[in-house]
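Dear colleague,

Please find below the structure that I am handing over to you. My notes on what was found in it follow directly after.

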Amino acid sequence: VTLREDGHVSRGNRHVLGQDVAAVKVSEQPEQTIYLRQFTGGSYGADAWQPADETAFLEEQASWNPETQKELEQYLNELAYRKACEADQGGNRGRWMAVKMLAGHQNESRYGMSPYISAFRGEGEDVRQFSWYSLEDYYELMREASYPDMDLPEETYLHYVYEQYTHVDRERFPGLSRLCQENPVSGWEEAADFIVKTLHSQASYSQTPGVIPAGEEIPEYFLFEKKQGYCVHFATTAVLMYRMYGIPARYVAGYIAPAAGFSAGEDGNWNSVVQDRLAHAWPEIYVDG
């Protein structure tokens with residue numbers, strides 16, 4: 001099976017076809033890997049994450065006004081970008097990015113690729129354009145900025161996030177539940193540290209881990225029996241563990257564009273072609289504020 005963008009968590013090996021999936025153009029040379037989010041999973045079902053659906057929250061907040069609902073959704077999606085933009089008073093660190101789906105992939109995907117800390121600027125001929133900040137610049141700007149009080153939309157969203165993205169069936173995953181109960185943590189940083197160390201010490205990365213038997217829960221079998229797997233297994237297990245610690249977490253699948261993969265173009269921009277081998281999955285957590 002190939003790494004899929006529909007939330008599917010494979011029981012078998014990963015096979016890469018060597019296909020070009022997307023062309024990425026950025027205005028400045030990236031300093032680090034760019035993560036392109038394509039699928040966000042909210043609840044874990046039978047071997048697959050279900051798409052995170054925040055329609056009910058948006059409708060409630062927007063008082064059933066579709067136009068306001070769309071504006072609120074865009075506001076929440078771009079909140080990190082807006083904060084970075086405020087801190088970057090001269091606008092010197094902002095960049096732009098264009099992501100073009102290549103032949104054979106334009107119509108296959110239900111989800112477009114989006115970088116983190118970005119603002120969507122438009123779409124045409126399978127090209128999505130964004131204003132964005134690198135993670136490196138974002139963290140530096142946030143360290144320099146004075147944190148303004150959270151406004152109502154984010155404060156309201158915070159309550160929704162804790163209701164929606166901390167749910168986990170502990171009886172379904174007794175091994176993970178016991179592991180987390182026996183290793184209490186304080187705060188998301190301690191949780192992240194413990195989860196990363198546990199995954200790295202308990203399991204090794206392999207694109208050919210073999211088959212997880214039918215009837216076995218994938219995260220449990222991956223971590224305690226097989227002890228081998230690739231990104232979908234690591235990410236799924238991490239998300240469940242974060243939730244067991246009461247930290248809102250989601251499953252994300254998409255692609256990475258490593259900094260080393262970009263080359264300078266004649267127009268002064270930087271270009272990279274993302275192949276299917278760069279498909280990736282990772283956990284995403286919500287940090288208050």
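**Histidine 233 and its surroundings**

Leaving out residues up to four places away in sequence, histidine 233 touches Val9, Ser10, Ile218 and Phe222. Please bear in mind that the model is a predicted one. Histidine 233 is part of helix α9, which covers residues 231-244. Its relative accessible area is 2%, and because anything under 20% is classed as buried, histidine 233 is a buried residue.

**The protein as a whole**

The protein contains 9 helices and 13 strands. Its radius of gyration is 20 Å, close to the 19 Å that the globule rule gives for 289 residues, so the protein is as compact as a globular protein of that length. Taken along the principal axes, the box filled by the C-alpha atoms is roughly 50 × 45 × 40 Å.

Of the 289 residues, 47% are buried. Among contacts between residues at least 6 apart in sequence, 75% join residues at least 24 apart. The accessible surface comes to about 14,900 Å², and carbon and sulfur atoms account for 47% of that surface. As for charge, the protein carries 24 positive and 44 negative charges, whose mean positions are 5 Å apart.

**The six-stranded sheet**

In what order do the strands of the open sheet of 6 strands run? The order is β6-β7-β4-β1-β12-β11, with antiparallel pairing. β6 and β11 (263-264) are the edge strands, each pairing on one side only.

- β6 is joined to β7 (residues 127-132) by 6 bridges, and the two strands run antiparallel. Phenylalanine 120 has phenylalanine 130 in β7 as its bridge partner.
- β1 (residues 20-26) and β4 (residues 95-101) are antiparallel and are joined by 5 bridges. Here alanine 23 has lysine 100 in β4 as its bridge partner.
- β1 also pairs with β12 in the antiparallel sense, over 6 bridges. Lysine 25 stands opposite asparagine 271 in β12.
- β11 and β12 pair over 2 bridges, again in the antiparallel sense. Alanine 264 stands opposite tryptophan 270 in β12.

Two hairpins belong to this set of strands. The hairpin of β6 and β7 has 2 residues between the strands, and glutamate 125 takes a positive phi near 50° in it. The hairpin of β11 and β12 has 5 residues between the strands, and there glycine 268 takes a positive phi near 90°.

The faces of β12 (residues 270-275) can be told apart. In a regular strand the side chains alternate between the two faces of the sheet. In β12, the covered face consists of Trp270, Ser272 and Val274, while Asn271, Val273 and Gln275 form the uncovered face.

**Helix α6 and its packing**

Helix α6 spans residues 174-182, and its buried residues are Gly175, Leu176, Ser177, Leu179 and Cys180. Against which helices do the buried residues of α6 pack? They pack against α7 (187-202), α8 and α9.

**Loop residues**

Isoleucine 117 has a phi near 50°, a positive value in a residue other than glycine. It lies in the loop between β5 (114-115) and β6 (118-124). With a relative accessibility of 10%, isoleucine 117 counts as buried.

Lysine 227 also has a positive phi, of about 60°, although it is not a glycine. Lysine 227 is placed in the loop between α8 (218-226) and β9 (228-229). Its relative accessible area of 34% makes lysine 227 partly exposed.

Glycine 210 is located in the loop between β8 (204-205) and α8. With a relative accessible area of 22%, glycine 210 is partly exposed. The C-alpha atom of glycine 210 is separated by 33 Å from that of tryptophan 188, the two residues being 22 apart along the chain.

With kind regards

How values were computed
Residues numbered from 1 in each chain as written. Predicted model: local features only at pLDDT ≥ 70, side-chain atom pairs only at ≥ 80, totals over all residues. Heavy atoms only, no water. Helix = DSSP H or I, 4+ residues; strand = E, 2+ residues; numbered from the N terminus. Buried < 20%, exposed > 50% of the residue type's maximum accessible area, 1.4 Å probe, protein only. Contact = heavy atoms within 4.5 Å. Rg over C-alpha atoms; globule rule 2.2 N^0.38 Å. Areas by Shrake-Rupley, 256 points an atom, 1.4 Å probe, with all protein chains shown as cover. Lys, Arg positive; Asp, Glu negative; His and termini not counted. Charge placed at Lys NZ, Arg CZ, Asp CG, Glu CD. Pairing = 2+ DSSP bridges.
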